[in-house]
Amino acid sequence: MSKDTFRGGVHPYEGKELTENKEAIPFIPKGDLVFPMSQHIGAPAKPIVETGQRVLMGQTIAEAGGFVSSPIASSVSGYVKEIKPVLTVSGAMVPAIVIENDGLYEAVEGLGEDRDYRELSRQEIRDIIRDAGIVGMGGAGFPTFIKLSPKNDAAIDTIIVNGSECEPYLTSDYRVMLQEGERLVGGLKIILSLFDNARGVIAIEDNKPKAIEHMKKLVEGEEKITVKKVRTKYPEGAERQLISVVTGRKINSSMLPADAGCIVDNVDTVVAVYMAVAKKTPLMRRVVTVSGDAIADPRNFIVKTGTNYNELVEAAGGFTAPPAKMISGGTMMGMALFDTNIPVTKTSSALLAFKKDPMDKVPTSPCIRCGRCVAACPQHLVPQMLMDAAEKFDNAAFEAVNGMECVECGCCAYVCPSGRPLTQAIKETRRSILDERKKAAAAAAAKK
Amino acid sequence: MKDLVNVSASPHDRSGKTTRSIMRDVVIALIPASAFGVFQFGIKALLVLVTSVVSAVIAEFLWNYFMKKPKTPYECSAVVTGLLLGLNFPASVPLWIPVVGSVFAIIVVKQMYGGLGRNFMNPALGARCFLVICFAGRMTNFVVEKGNAVMNGFAGVDGISQATPLAIIKDLPATTAVGSSVSLSDMFFGFTGGVIGETSALAILIGGLYLVIRKVISLRIPLAYLISCGAFMLIFSGRGFDCEYLAAQLIGGGLMLGAWFMATDYVTSPITPWGQIIYGILLGVLTGLIRTCSSGAEGVSFTIIFCNLLVPLIERMTMPRAFGLEKKPKKIKKEA
Ligand code: SF4
Ligand code: SF4
């Protein structure tokens, strides 16, 4: 059933050699730590601390603001300096708790203590995961406990750990697999204990032979866990593509991975589950790749959430030249930054800085109908038609050519020889359609 | 620092292939055929090619200038159009005809329909058909010169006008072997009559292979075209399974040039993978039909132009199925 790749996709320049062989090192923040209340999908968290109050490392400083939401823990001990809007990766100003680090790292009681998950009930495990503030750390930030609570536990037969790390330049998952592979396996075992019928699959792209070998060694003797080698191609790690590669099942935009009997979690997320359940440690760290040709000493850092990006740049030797382009995340789906004075959040995966804007390689010109975008689309769409519809603001036509199935992977814009901003146009139209749907749903609800 | 940083939407990388580099590859791929044409037909062929290319570029430039269009990077596309058109002339053509043809191709077929990417008809072929209709005699005055073509050309010696191999084959009774009247190896290497660029199947194949290796074109259209055309000719030739006849049909006339360079024109061929295959098959069958049933021996240019018109329809019928969606997408209401 399963194969090692999907149809479509691209092979962008990987740039992983810059950082992959350097050990990820812990980074001790110097300045204040900033915790935006929106680091996840869903309602913003609600602060439960006051200005001036002393907090401990691991203490919950904001509680979930709804069912789909996630609490936030402080990564240091210190005093709450203020609660104010700050700039975040998306460019939006978001309310945040600012904590002045007292450098003592005084932990809440029990932090780091061992706990045997086998003595916990399934509900207890889910509650721990929820209260630890764990969200999908691959980028989306969907609360993990919801993912781990499908309608029918028995229907879940595959837990996929997404170790493909197909985004260029990113090596943080790779470093975690090499340095903390035991925790990864531990986390996966905890998740597997929630589902009677599930097996675990750690999917790794074949450009990381060391990680594959290492993980294979670690899962030796584990009956329910296997390591699967998948082909190096972007976006191999996209949820829908990965599910089809591992299980041969395909889902579309109106389905959840659970409909295909799958749950997909990112490497860092699974490690966070292990830390929360087995080590009583809430989510308060993140492994971040700092890389790109404008960075003096690119490498991975094990970072406390809330740390300022500027400090990371400094720790990586600073800029070698004024960067022309800075990105939070990978080159394919990351967000361009105009300022590095922003905090590391649960979903930050990388900070990239480039001397030249890679976008300059291809000037914009009219579509020549070359068909490259069609061949590259992993969702098997016709991006050229989607963009035509988007440019005419013709949402009906956009939906008719399956625009809502787009996963915004960026492959189409990457290959377009005419430099057309296909992904951007498609993304904007998708957003506007989703907004309209939301409004329509709200109006319908109001009528009732 | 803030002022220096570019902010843009993802993705933040590009493959590096540009419209310009693709057009350059097409020009490179046409070099073997052009070179052979010049070698075969002499300096006159070179003059024809240069004239069409230069007038196409000038026409493009003037249009942009007078229409106050921004300076475009598309000269390359005009070069391709001019060169393709030039390769479609017999070497004996008076030089004003390429000028008329290039201007027609660029201004009427391409720009008046919206410019690069919007024209529904292959500009070079559109112009060629226009010229064939207007100046039939001059467009089909084929010359064969064996031996020292270049020297002959310099000396101004015209070769003998002669029917093309395809025309000869067409008039053959079905009982006569093809090999007895035309030389297949001459046809393959190109020592026959015809327009400048179509005589040497070998030179065209080299160019086509280059395009495939450089991933400029896929094999879908050329193979579907050649295979279906060959199959059609075999079935309806009345000769049974005659390999010589099949080979002569495939390498004769404009089929090779058409299949590798004209039918694969991005703008005027379907964008969907299945669409490309269907388009190729349609081309093959129609070309076969014209070659067997009409009075002419040719048919490639008109077939391609006709099928160009069907492209939107073909595309709509062959929309790929989206990942995870079993059913086909609904019909597009408006022209997408
Ligand atoms: S890749 Fe760009 S130029 Fe090619 S068909 Fe798609 S949109 Fe048009
Ligand atoms: S961004 Fe959307 S349309 Fe473009 S290749 Fe990815 S899935 Fe296809």
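In this predicted model, helix α1 (residues 19-41) and helix α2 (residues 43-66) of chain B pack with their axes 6 Å apart, at an angle of about 140°. The two helices, α1(B) and α2(B), are therefore oblique to each other. On the side of α1(B), the contact involves B:Ser34, B:Gly37, B:Val38 and B:Phe41, which meet B:Ile43, B:Lys44, B:Ala45, B:Leu46 and B:Leu49 of α2(B). Sorted by class, this contact holds six nonpolar, two polar and one charged residues. In the segment before α1 of chain B sits B:Pro11, and the peptide bond leading from B:Ser10 to B:Pro11 is cis, with omega near -5°.

Two packed helices are described by the angle between their axes and the distance between the axes. For α3(A) and helix α4 (residues 209-218) of chain A, the angle is about 10° and the axes are 9 Å apart. These helices, α3(A) and α4(A), are therefore roughly parallel to each other. From α3(A), the residues A:Tyr174, A:Met177, A:Leu178, A:Gly181, A:Glu182, A:Leu184 and A:Val185 take part, and they meet A:Lys210, A:Ala211, A:His214, A:Met215 and A:Leu218 in α4(A). By class, the contact between α3(A) and α4(A) has eight nonpolar, two polar and two charged residues. Helix α3 (residues 172-192) of chain A also lies across two strands, β13 (285-291) and β14 (299-304), and runs at about 145° to β13(A).

Those two strands belong to a sheet of chain A. The sheet is open and mixed in its pairing, with six strands in the order β1-β14-β13-β17-β15-β16. At its edges stand β1 (25-26) and β16 (335-337) of chain A; each has a single partner strand, so one side of each is left without a neighbour in the sheet. Further inside the strand order, β15 (residues 325-328) and β17 (residues 350-354) of chain A run antiparallel and are joined by four bridges. Within this pair, A:Lys325 stands opposite A:Phe354 of β17(A).

Another open sheet of chain A has three strands in the order β3-β5-β6, and its pairing is antiparallel. Here β3 (46-47) and β6 (72-73) of chain A are at the edges with a single partner strand each, so one side of each has no neighbour in the sheet. Strand β5 (residues 60-63) of chain A is joined to β6(A) by two bridges, and A:Ala62 stands opposite A:Ile72 in β6(A). Two bridges also pair β3(A) with β5(A) in the antiparallel sense; there A:Pro47 stands opposite A:Ala62 in β5(A). Strands of a sheet pair through backbone hydrogen bonds, either parallel or antiparallel.

Taken as a whole, chain A contains 12 helices and 17 strands. Its radius of gyration is 22 Å, close to the 22 Å that the globule rule gives for 448 residues, so chain A is as compact as a globular protein of that length. The C-alpha trace of chain A spans about 65 × 60 × 50 Å along its principal axes.

Two backbone details of chain A deserve a look. A cis peptide bond, with omega about -5°, links A:Tyr234 to A:Pro235, and A:Pro235 lies in the loop between β11 (225-230) and α5 (239-247) of chain A. In the loop between β8 (93-101) and α1 (122-131) of chain A is A:Tyr105, whose phi is near 50°, a positive value in a residue other than glycine.

The ligand sites complete the picture. Around ligand 1 are A:Cys367, A:Ile368, A:Arg369, A:Cys370, A:Gly371, A:Cys373, A:Cys416, A:Pro417, A:Ser418, A:Arg420, A:Leu422 and B:Ile271. Residues of both chains A and B surround ligand 1, so the site is shared between chains. This shell around ligand 1 divides into eight nonpolar, two polar and two charged residues. Ligand 2 has 13 residues around it, of which A:Cys377, A:Cys406, A:Val407, A:Cys409 and A:Cys412 come nearest. Helices α11 (411-415) and α12 (422-447) of chain A each supply at least two residues of the shell around ligand 2. By class, the shell around ligand 2 comprises nine nonpolar, three polar and one charged residues.

Terms used. Residues are numbered from 1 along each chain as its sequence is written. Chains are lettered from A and ligands numbered from 1 in the order in which they are written. This is a predicted model: local features need pLDDT of at least 70, side-chain atom pairs count only at pLDDT 80 or more; totals for chains, interfaces and linings use all residues. Side-chain values use heavy atoms; hydrogens and water are left out. A residue is near a molecule or strand if one of its heavy atoms lies within 4 Å of it. Ala, Val, Leu, Ile, Met, Phe, Trp, Tyr, Cys and Pro count as nonpolar, Asp, Glu, Lys and Arg as charged, and the others, Gly among them, as polar. Two strands pair if DSSP finds at least two bridges between them. Contact means heavy atoms within 4.5 Å. Axes are lines fitted to C-alpha atoms, for helices over the stretch in contact, and angles run from 0 to 180 degrees between N-to-C directions. Angles under 35 degrees count as roughly parallel, over 145 as roughly antiparallel, 65 to 115 as roughly perpendicular and the rest as oblique. The radius of gyration is taken over C-alpha atoms; the globule rule is 2.2 Å times the number of residues to the power 0.38.
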